[in-house]
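User: Could you walk me through this model? I'll ask as we go along.
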Amino acid sequence: MSDEPQPQQPEKGWAPRDPQAAGAPKKPGRTGWRRFVPTWRMTLGGLLITAAVVVGGFFLGYHLVRIPAANALATQQANVYLYADGTVIARDGEVNRENVTLSQISEDAQHAVLAAEDRDFYTESAIDPQAMVRAAWNTATGKGRQSGSTITQQYVKNYYLRQEQTVTRKVKEFFISIKLDREQTKDQILEGYLNTSFFGRGAYGIQSAAHAYYGIDAAELDAGRAAYLAALVNAPSQYDVITHPENRDTVEHRWNYVLDGMVDEGWLSTAERAGMKFPVPEKTTISTSLSGQRGYIVNIVKNHLVQNDIIDEAALGTGGYRITTTLQKDKQDAFVDAVNDNLMDRLDPKNRKADTYVRAGGASVDVKTGKVVAMYNGIDYVKQYTPNATRRDFQVGSAFKPFVFTAAVENGSRTQDGRPITPNTIYDGNSERPVQGWPGARYAPENEDHRDYGDITIREATDKSVNAVYAQLATDVGPDSVRETAVALGLSENTPSLDDAGPSIALGVATASVLDMAEAYATLANHGKHGDYTMIEKITRNGRNVELPERHTRQAVTRQAADTTTSVLRGVVENGTATAAQTAGRPAAGKTGTAEEDTAAWFAGYTPDLATVVAVMGQDPVTAGHKPLYGAMGLPRINGGGAPAEIWGQYTREALDDVPVTPFSLRLQPGAYKTQPPPSDSSNSPSSSGEPDDSDSGAPERRGTGTETGTGTGTDEESTDGQDEPETPQRQTDGSAAPTDDTGESDANGDENPVSDGLTGALTQGTRWDD
């Protein structure tokens with residue numbers, strides 16, 4: 001046996017490490033281009049890794065990207081101010097948007113937008129991957145803006161993100177859209193989209209767009225108009241056929257595409273579609289700017305809301321409020337026309353400097369409801385921003401005198417010599433006669449043109465606006481009682497110069513606003529019942545009503561006091577200083593007034609239905625200082641019986657054109673028409689010694705003498721013993737006024753001005769009163 005080792009047989013499954021060594025044939029290597037082609041193993045591995053990255057990235061992005069808060073632009077809305085009939089007055093705010101619920105958008109409008117932008121919105125998912133990839137690629141490669149997103153994606157872009165075209169924004173849009181689709185219903189998303197889309201003409205949201213292009217609400221959009229608005233979303237500025245008529249063919253092509261889509265989806269019948277013509281939008285719709293009267297109204301209403309704690313200023317600033325006012329468009333338009341016809345169109349500022357000073361203010365209140373139905377504040381808010389209906393810096397003059405007489409009847413006041421005060425109480429009407437019974441400095445107001453009237457009744461003194469009588473009357477009633485009555489009727493207790501005026505309070509040194517005066521005169525017209533005026537009918541925000549304060553009505557003065565005053569003021573219109581107001585063509589009562597140095601002229605009047613006050617004011621357009629109206633309109637001066645009464649007459653006639661003419665129904669104080677004897681010594685004063693005539697069975701019990709005051713206790717029920725005065729409607733006029741002198745007032749019946757220092761309440765001797 002040999003000592004050499006014997007070869008071992010390989011075990012099963014064994015192979016040599018070196019194929020060649022084992023004698024195996026050599027496998028040829030990959031050569032040429034095949035070296036660069038991945039094997040199937042490499043391809044499969046790469047796909048698996050990519051899928052893992054995509055899935056991981058999706059879940060990572062889904063969890064990292066959260067639904068953010070809405071961007072500032074998307075939440076901004078305009079506050080919308082409306083007339084009582086729902087007609088838009090104005091919108092304020094940086095963004096013209098008014099959010100509405102889906103139920104406030106017509107079905108045609110909803111379907112038109114779906115047909116234009118996303119026909120499968122209610123059945124598809126929140127994203128369209130193919131469109132997303134295409135849009136992202138085109139954006140990344142600089143090929144410009146690419147559409148194709150779903151409505152959900154567009155809503156996310158509008159409401160949550162910015163408008164920049166970046167990959168980052170598209171990625172966020174992708175994930176937010178998916179999340180939003182899980183958290184909100186399709187209806188909620190569509191509603192949000194319709195409220196945030198931009199339609200051109202500065203309109204965000206379909207409600208603002210409907211007004212901007214057609215002057216209607218979104219609920220009123222038919223298929224044709226809705227299809228045009230839906231077409232605008234694709235290119236808002238370029239598709240406005242009014243500003244870009246050259247694009248009309250392109251726009252109509254898009255409009256037809258939308259309508260055809262509505263037919264295809266079963267949202268529009270073929271027959272209805274066949275008869276449609278392109279609805280050309282309006283060139284100009286109802287202006288939403290603040291020009292004209294609109295800016296004044298918006299600011300007055302905003303102040304009213306804040307001051308009455310209805311909506312605070314911060315909340316108003318966020319926008320979104322739909323504020324329906326009590327203003328009536330036809331009456332508002334009639335007021336503007338009346339001012340233009342009787343005042344503004346008669347000015348010649350190029351040739352008369354005084355005409356550059358002329359301003360006008362007016363307010364009209366429904367007697368029964370206390371609702372402000374019309375206001376006039378100036379020629380244009382963007383030119384004269386001060387609202388003349390609410391400013392409190394011009395004296396009201398003799399328009400204040402009715403409050404003095406009302407206070408006398410309310411308080412059962414008597415003269416200095418004890419005679420009851422009624423319309424027929426006789427006073428000494430001589431100019432510059434010293435007031436009797438006043439404990440302060442000597443006060444002797446001047447009548448217009450120093451005219452002496454001798455013994456004259458209060459009724460006549462009211463017709464002729466005799467200062468001497470009313471200064472004495474205010475002293476007999478007591479200035480404090482006069483003030484209390486004026487405030488009870490409707491003047492603000494904060495009215496400048498209403499306190500501490502003494503007897504001059506009767507001559508209108510107070511500077512109440514036109515709106516304040518209209519409220520007070522409305523109380524007289526409403527038989528002494530007063531309710532705070534209101535200019536808000538309804539407020540909603542996001543479809544929900546905002547609670548309004550309850551309006552309280554009270555008997556401010558007795559019916560006898562108010563109605564007896566009305567009977568006296570009837571004479572002012574019939575044969576006194578305000579005969580021009582007869583052009584209203586119906587029973588009317590009122591009083592003229594002139595401010596110190598003729599810086600303002602007033603007429604405050606009412607019918608059984610409507611109380612309206614008009615003031616013409618003088619103000620330097622540069623310094624804003626008060627200016628006399630001497631020479632304005634080519635007249636020596638403007639008096640209350642001139643332009644103010646003429647404006648009042650035309651406005652009242654137009655405002656009540658469809659209202660039946662009704663007479664005043666008056667319940668007068670006892671003895672209102674009983675003739676009274678003159679004072680015992682009329683040569684000196686109405687307050688000479690003497691006793692009241694006990695035979696005057698209708699005289700009220702004495703409750704106030706001199707500066708003492710009393711409190712009226714009568715009510716409607718307690719006044720049934722008064723003298724009713726059923727009246728017949730005033731004769732219709734042919735529009736002509738009573739003969740007037742060159743001042744615009746009825747001859748010798750002008751108003752008077754308070755003393756120059758009347759604003760401080762000081763009383764001076766021998767002051768001249770001009771009118």
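This is a predicted model: local features need pLDDT of at least 70, side-chain atom pairs count only at pLDDT 80 or more; totals for chains, interfaces and linings use all residues.

User: Fine. Which residues of α19 are buried, then?
Analyst: By that cut-off, the buried residues of α19 are Pro479, Ser481, Val482, Thr485, Ala486, Ala488 and Leu489.

User: Going on into the loop, is Ser492 buried or exposed?
Analyst: Ser492, which is found in the loop between α19 (479-489) and α20 (514-525), has a relative accessibility of 17% and therefore counts as buried, the cut-off being 20%.

User: What does the Ser492 side chain reach, and which residues does Ser492 touch beyond its sequence neighbours?
Analyst: The side chain of Ser492 reaches the backbone nitrogen of Asn494 at 3.0 Å. Not counting residues up to four places away in sequence, Ser492 touches Arg392, Val487, Leu498 and Asp516.

User: What about Asp500?
Analyst: Asp500 also lies in the loop between α19 and α20, but at 70% relative accessibility it counts as exposed. Its phi is near 55 degrees, a positive value in a residue other than glycine.

User: Why point that out?
Analyst: Because most residues other than glycine have a negative phi. Arg201 is another case, with a positive phi of about 55 degrees although it is not a glycine. Arg201 sits in the loop between α8 and β4 (203-204) and is partly exposed, with a relative accessible area of 29%.

User: Take Phe400, what is in contact with it?
Analyst: Leaving aside neighbours within four places in sequence, Phe400 is in contact with Val482, Ala486, Leu491, Leu498, Ile505, Ala506, Gly508 and Met517. Val482 and Ala486 are among the buried residues of α19, while Leu498 is also touched by Ser492.

User: At what angle do α4 and α8 pack?
Analyst: Helix α4 (residues 107-117) and helix α8 (residues 186-196) pack at an angle of about 85 degrees, with their axes 12 Å apart, so α4 is roughly perpendicular to α8. The contact is made by Gln110, Val113, Leu114 and Glu117 of α4 together with Leu190, Tyr193 and Leu194 of α8, and these residues divide into 5 nonpolar, 1 polar and 1 charged.

User: Last one: where does Lys383 lie, and how far apart are Lys383 and Pro621 in space?
Analyst: Lys383 lies in the loop between β7 (372-376) and α16 (401-410) and is exposed, with a relative accessible area of 64%. Lys383 and Pro621 are 9.9 Å apart in space, C-alpha to C-alpha, and 238 residues apart in sequence.

Definitions and conventions:
Residues are numbered from 1 along each chain as its sequence is written. Side-chain values use heavy atoms; hydrogens and water are left out. Axes are lines fitted to C-alpha atoms, for helices over the stretch in contact, and angles run from 0 to 180 degrees between N-to-C directions. Helices (H or I, at least four residues) and strands (E, at least two) are DSSP runs, numbered from the N terminus. Angles under 35 degrees count as roughly parallel, over 145 as roughly antiparallel, 65 to 115 as roughly perpendicular and the rest as oblique. Contact means heavy atoms within 4.5 Å. Ala, Val, Leu, Ile, Met, Phe, Trp, Tyr, Cys and Pro count as nonpolar, Asp, Glu, Lys and Arg as charged, and the others, Gly among them, as polar. Buried means under 20% relative accessible area, exposed over 50%, partly exposed in between (1.4 Å probe, protein chains only). A polar contact is a pair of N or O atoms within 3.5 Å; within protein, one must be able to donate a hydrogen and the other to accept it, and residues adjacent in sequence count only if both atoms are side-chain atoms.
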